Amino acid sequence: MEVILAEHAGFCFGVRRAVDTVYEQIADREREGKPICTFGPIIHNEEVVKDLENRGVRALSGIEEAREVASDRRGTVIIRSHGVERAVCEELRKLGFQVVDATCPFVKRIHNIVEKESEAGKSIVIVGNAGHPEVEGIRGWSGARTYIIESPETAENFTCKEGEALCVVSQTTFNYKKFQDVVEIFEKKGYNASVVNTVCNATEVRQAEARELAARVDVMIVIGGNHSSNTRKLYEICKQECERTYYIQTLEDLHMTLPKSVRLVGITAGASTPNNIIEEVQNYVRINF
Ligand code: F3S
């Protein structure tokens with residue numbers, strides 16, 4: 001029996017980079033002895049956050065908690081891949097923390113565009129979910145009027161001053177098709193908008209690959225947290241292609257018995273599933289089936 005692991009299973013580039021940064025900082029701290037915090041949980045995966053906690057890394061809930069920590073013991077604060085507002089970085093530095101910026105370069109690019117274009121006098125339009133930390137972070141790099149458009153419907157109802165120069169960007173995980181719809185509505189309305197497509201295709205690539213793999217295997221295993229919506233989506237995609245698709249959180253959930261006719265098993269994983277879990281499952285299936 002052959003086991004095929006999807007190339008883009010698990011962490012995307014930006015999340016992997018952020019998680020690796022934390023582990024690198026832990027290794028450095030062992031030399032320097034300074035406390036380490038992350039600004040928010042580094043990733044939405046309990047196993048990883050627990051492991052970091054056990055290694056003495058504290059996930060700060062926000063700037064208030066950072067202030068409390070600062071009065072006691074300063075050290076390093078790592079910014080996660082979503083990024084944060086410029087003011088948060090400045091405040092953390094003022095509090096005496098060493099800030100290690102693990103913002104995904106694709107998100108950082110949006111911060112730079114928004115900073116530059118707002119300085120040049122343009123109003124900023126962010127197509128994304130208001131309240132999402134990434135969107136709040138992007139908003140925090142704009143020095144001008146900033147609008148958030150959550151859907152094509154909001155775009156239809158959106159108004160601005162006549163001739164107002166707009167720079168339109170999107171949240172990296174926003175649906176590309178919907179972003180295009182918003183852009184089309186803006187064009188139709190004749191807005192003076194320069195558009196930068198900042199949608200990241202990591203999710204799309206993962207899904208397309210999972211679909212293609214599920215279509216050619218006898219059994220498909222999808223690994224990810226119970227509450228992870230992107231893992232659920234992956235499961236649905238795979239299930240459409242492969243009747244024998246299993247959704248598991250960790251190796252412990254894997255209770256399948258495979259008939260002899262099974263020749264090919266495919267594995268993929270949601271965006272917040274760590275490598276070690278994927279490897280464990282992969283090795284187990286290789287050895288035991
Ligand atoms: Fe991941 Fe960065 Fe894209 S965090 S989803 S690679 S924008």
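How far is the sulfur of C89 from the closest cysteine sulfur, and in which residue does that sulfur lie? The legends below concern a predicted model, and the first of them takes up this point.

**View 1. Cysteines without a disulfide.** The closest cysteine sulfur to that of C89 belongs to C37 and lies 15 Å away, which is too far for a bond. A disulfide would require the two sulfur atoms to be within 2.5 Å. A search of the whole structure returns zero disulfides. C89 counts as buried because its relative accessibility is 8%. C104 likewise counts as buried, at 9% relative accessibility.

**View 2. The open sheet β3-β2-β4-β5.** Four strands with parallel pairing make up this open sheet, in the order β3-β2-β4-β5. Its edge strands are β3 (57–60) and β5 (98–101), each of which pairs on one side only. From one strand to the next, the twist averages 25°. Strand β4 (residues 76–79) runs parallel to β5 and is joined to β5 by four bridges. In this pairing, I79 stands opposite D101 of β5. Helix α4 (residues 86–94) packs on the sheet and touches β2 (36–39), β4 and β5. The direction of α4 makes about 145° with that of β5.

**View 3. Strand β2 and its partner β3.** Side chains in a regular strand alternate between the two faces of the sheet. Both faces of β2 are covered: I36 and T38 are buried on one side, and C37 and F39 are buried on the other. Four bridges pair β2 with β3 in the parallel sense. Across this pairing, I36 stands opposite V57 of β3.

View 4. I26 is a residue of helix α1 (residues 13–32). With a relative accessible area of 4%, I26 is buried, since the cut-off for burial is under 20%. When neighbours within four places in sequence are left aside, the residues in contact with I26 are I36, L52, R55 and V57. For I237, which is 211 residues from I26 along the chain, the C-alpha atom is separated from that of I26 by 38 Å.

View 5. Seven aromatic pairs are found in a search of the whole structure. One of them joins F158 and F186, whose ring centres are 5.3 Å apart and whose planes stand at 10°, so the pair is stacked. F158 lies in the loop between α7 (152–157) and β8 (166–170), and F186 lies in helix α8 (residues 176–188), so this pair ties together parts that are 28 residues apart in sequence. F158 and F186 are both buried. F186 also forms an edge-to-face pair with Y191, with 5.2 Å from centre to centre and 85° between the planes. The relative accessible area of F186 is 3%, hence its assignment as buried. Together, Y147, F158, F186 and Y191 form one aromatic cluster.

**View 6. A charge over a tryptophan ring.** K108 places its charged end over the ring of W141. The distance from this charged end to the ring centre is 3.8 Å.

**View 7. The open sheet β1-β12-β10-β11.** This open sheet has four strands in the order β1-β12-β10-β11, with parallel pairing. At its edges stand β1 (2–5) and β11 (245–248); each has a single partner strand, so one side of each is left without a neighbour in the sheet. The twist from one strand to the next averages 20°. Strand β10 (residues 219–223) and strand β12 (residues 264–269) run parallel and are joined by five bridges. Here M220 stands opposite G266 of β12. Helix α9 (residues 202–216) packs on the sheet, in contact with β1, β10 and β12, and its direction makes about 165° with that of β12. Helix α10 (residues 229–241) also packs on the sheet, where it touches β10, β11 and β12. The direction of α10 makes about 165° with that of β11.

Notes:
Residues numbered from 1 in each chain as written. Predicted model: local features only at pLDDT ≥ 70, side-chain atom pairs only at ≥ 80, totals over all residues. Heavy atoms only, no water. Buried < 20%, exposed > 50% of the residue type's maximum accessible area, 1.4 Å probe, protein only. Pairing = 2+ DSSP bridges. Helix = DSSP H or I, 4+ residues; strand = E, 2+ residues; numbered from the N terminus. Axes fitted to C-alpha atoms, helices over the stretch in contact; angles between N-to-C directions. Contact = heavy atoms within 4.5 Å. Phe/Tyr/Trp six-rings, centres within 6.5 Å; stacked < 30°, edge-to-face > 60°. Lys NZ or Arg CZ within 6 Å of the ring centre and 35° of its normal.
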